[in-house]
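Please open the model in a viewer and keep the sequence panel at hand.

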Amino acid sequence: MAKITFITKDNETITVEGDSGNVMQLAVNNSIEGIDGDCGGVCSCATCHVFVAEKDFEKVGEAGEIEADMLELEDNVSEFSRLCCQIQVSNAIDGIELTVAKED
């Protein structure tokens, strides 16, 4: 079981738990504001863009090539940007903190 903390644009901190699937689906299932997952998790949109806390980035690693290409289309990208549909829920990411990147 992995605990994942999301920080919304309103600075609300929400911690959820999961043991399988991807982080985007976990966020959608828990109604995390700003994580839409419009493409259903196939890495063809960027509606699940998050900033991984610097201290946790090693746990999730760098974006793959397709994900990096999608992130290039976003305006609000940092070196800690990831699409959470591409992060698998596992014990290896337990305790990570993700800030929702979506801006209104």
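Begin with the sheet: five strands form an open sheet of mixed pairing, in the order E2-E1-E5-E3-E4. Strands (E, at least two residues) and helices (H or I, at least four) are DSSP runs, numbered from the N terminus, and two strands pair if DSSP finds at least two bridges between them. At the edges of the sheet are E2 and strand E4 (81–83), each of which pairs on one side only. Direction ignored, neighbouring strands of this sheet are turned by 35° against each other on average; the axes are lines fitted to C-alpha atoms, for helices over the stretch in contact, with angles running from 0 to 180 degrees between N-to-C directions.

The model is predicted: local features need pLDDT of at least 70 and side-chain atom pairs count only at pLDDT 80 or more, whereas totals for chains, interfaces and linings use all residues. Residues are numbered from 1 along each chain as its sequence is written, and side-chain values use heavy atoms, with hydrogens and water left out.

**Select residues 2–7 and 13–18**

Strands E1 (residues 2–7) and E2 run antiparallel and are joined by six bridges. Ala2 stands opposite Gly18 in E2, and Lys3 stands opposite Glu17. In the hairpin of these two strands, five residues lie between them, and Asn11 takes a positive phi near 60°.

From Glu17 to Thr5 the C-alpha distance is 8.8 Å, with a separation of 12 residues in sequence. Strand E1 is mostly covered, five of its six residues being buried.

Strand E5 (residues 97–100) runs parallel to E1, and three bridges join the two. Display Ile7 to find Thr99 of E5 opposite.

**Move to residues 49–52 and 81–83**

Strand E3 (residues 49–52) pairs with E4 in the antiparallel sense over three bridges. The bridge partner of Phe51 in E4 is Ser81.

How many disulfides does the model contain? The count is zero, where a disulfide is a pair of cysteine sulfur atoms within 2.5 Å. Cys39 is in no disulfide, and the nearest cysteine sulfur, that of Cys45, is 3.6 Å away. This distance is too far for a bond. Cys39 counts as partly exposed at 21% relative accessibility, while Cys45 counts as buried at 15%.

**Finish at the largest pocket**

The largest pocket has a volume of about 170 Å³. On a 1 Å grid over the protein atoms alone, a pocket is an open set of points with protein on both sides within 12 Å along at least five of seven lines, where a 1.4 Å probe fits; lining residues have an atom within 4 Å of a point. Grid points are joined across faces, edges and corners, and the volume is the space filled by probe spheres set on the points.

To display the lining, select Gly34, Asp36, Ala46, Thr47, Cys48, His49, Glu74, Asn76, Ala101, Lys102 and Glu103. These residues divide into three nonpolar, four polar and four charged. Ala, Val, Leu, Ile, Met, Phe, Trp, Tyr, Cys and Pro count as nonpolar, Asp, Glu, Lys and Arg as charged, and the others, Gly among them, as polar.

Definitions and conventions:
Buried means under 20% relative accessible area, exposed over 50%, partly exposed in between (1.4 Å probe, protein chains only).
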